[in-house]
Amino acid sequence: MSNLFSINSPIVSATLALLILLSIVTWSIALFKLWKQWQAKQHDREFNECFWAVREWGDAEKVARNSQGDIARLAQAGFAELKTLSADQQDLKHSGAPQDVLERMLRQQLQNIQRYHERGLAELASIGSTSPFIGLFGTVWGIMHALQDIGRSGSASLDVVAGPIGEALIATAIGIATALPAVLAYNFFLRRLKVHVTDLENFAHDFLRLAQKHDYKL
């Protein structure tokens with residue numbers, strides 16, 4: 001590791017340090033999101049097993065109230081809205097047909113869940129798109145610094161030129177090595193999020209169907 005910072009240029013050394021920091025951030029975000037997604041998947045699986053096993057509408061509300069996970073939060077928001085509709089609220093927020101009011105609440109809750117899971121994706125996209133350019137900047141600066149040293153030494157032989165320029169190219173290599181995991185992680189989590197949102201939308205449709213069957217009452 002110390003060899004990476006042996007280049008006689010504080011700009012290149014700072015560039016390498018920044019790229020290493022961005023790499024640490026990338027892996028930290030990726031590992032944290034993997035853990036959160038695994039946890040959410042476990043909660044959703046447990047909730048689905050319990051929710052669809054009950055026979056009474058009231059028992060389904062109890063299952064949602066005592067469960068965790070994104071689908072459970074969606075169900076909790078739906079049941080909370082049904083209670084409000086049953087109380088015959090007359091304010092502007094609850095004006096309109098019961099189906100429209102419930103559908104709007106479920107959509108808002110689904111969007112909140114989606115925004116929660118989008119956290120970290122912007123950072124991964126930014127790291128993936130900027131890291132190669134940061135590395136290229138370090139390389140260009142290192143080559144300029146190396147050429148200045150070569151000019152002062154008055155020698156342009158291959159053994160004199162290759163060393164400093166080769167060291168400067170390390171910044172580009174590290175920039176690419178930093179960008180690749182960030183881009184791969186961004187695409188992976190974006191795909192997983194789209195699948196998860198589809199599951200949430202399917203449950204919201206099923207919940208609306210059940211609520212309509214029970215005349216939007218709890």
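The paragraphs below move from the confidence of the model to its nonpolar cores and then to one cysteine.

This is a predicted model, and its chain averages a pLDDT of 86, with 84% of the residues scoring at least 70.

In soluble globular proteins, nonpolar side chains tend to be buried together. Here, the largest nonpolar core has 34 residues, and within this core F47, F79 and L82 are the residues with the most contacts. Two or more residues each are contributed to this core by α1, α2 (57-65), α3 (70-86), α4 (98-117), α5 (121-153) and α7. Of these elements, α7 supplies the largest share of the core, namely eleven residues. Another core lies apart from this one and comprises nine residues, including V12, L16, I127 and A182.

The surroundings of F47 can be followed in more detail. Once residues up to four places away in sequence are set aside, F47 touches V63, A64, S67, Q68, I71, A72, A75 and F203, and F47 is also one of the residues with the most contacts inside the largest core.

The last stop is C50, which is found in helix α1, residues 10-51.

Technical notes
Residues are numbered from 1 along each chain as its sequence is written. This is a predicted model: local features need pLDDT of at least 70, side-chain atom pairs count only at pLDDT 80 or more; totals for chains, interfaces and linings use all residues. Side-chain values use heavy atoms; hydrogens and water are left out. pLDDT is the predictor's confidence in each residue, from 0 to 100. Helices (H or I, at least four residues) and strands (E, at least two) are DSSP runs, numbered from the N terminus. A nonpolar core is a set of buried Ala, Val, Leu, Ile, Met, Phe, Trp, Tyr and Cys residues joined through side-chain atoms within 4.5 Å. Buried means under 20% relative accessible area, exposed over 50%, partly exposed in between (1.4 Å probe, protein chains only). Contact means heavy atoms within 4.5 Å.
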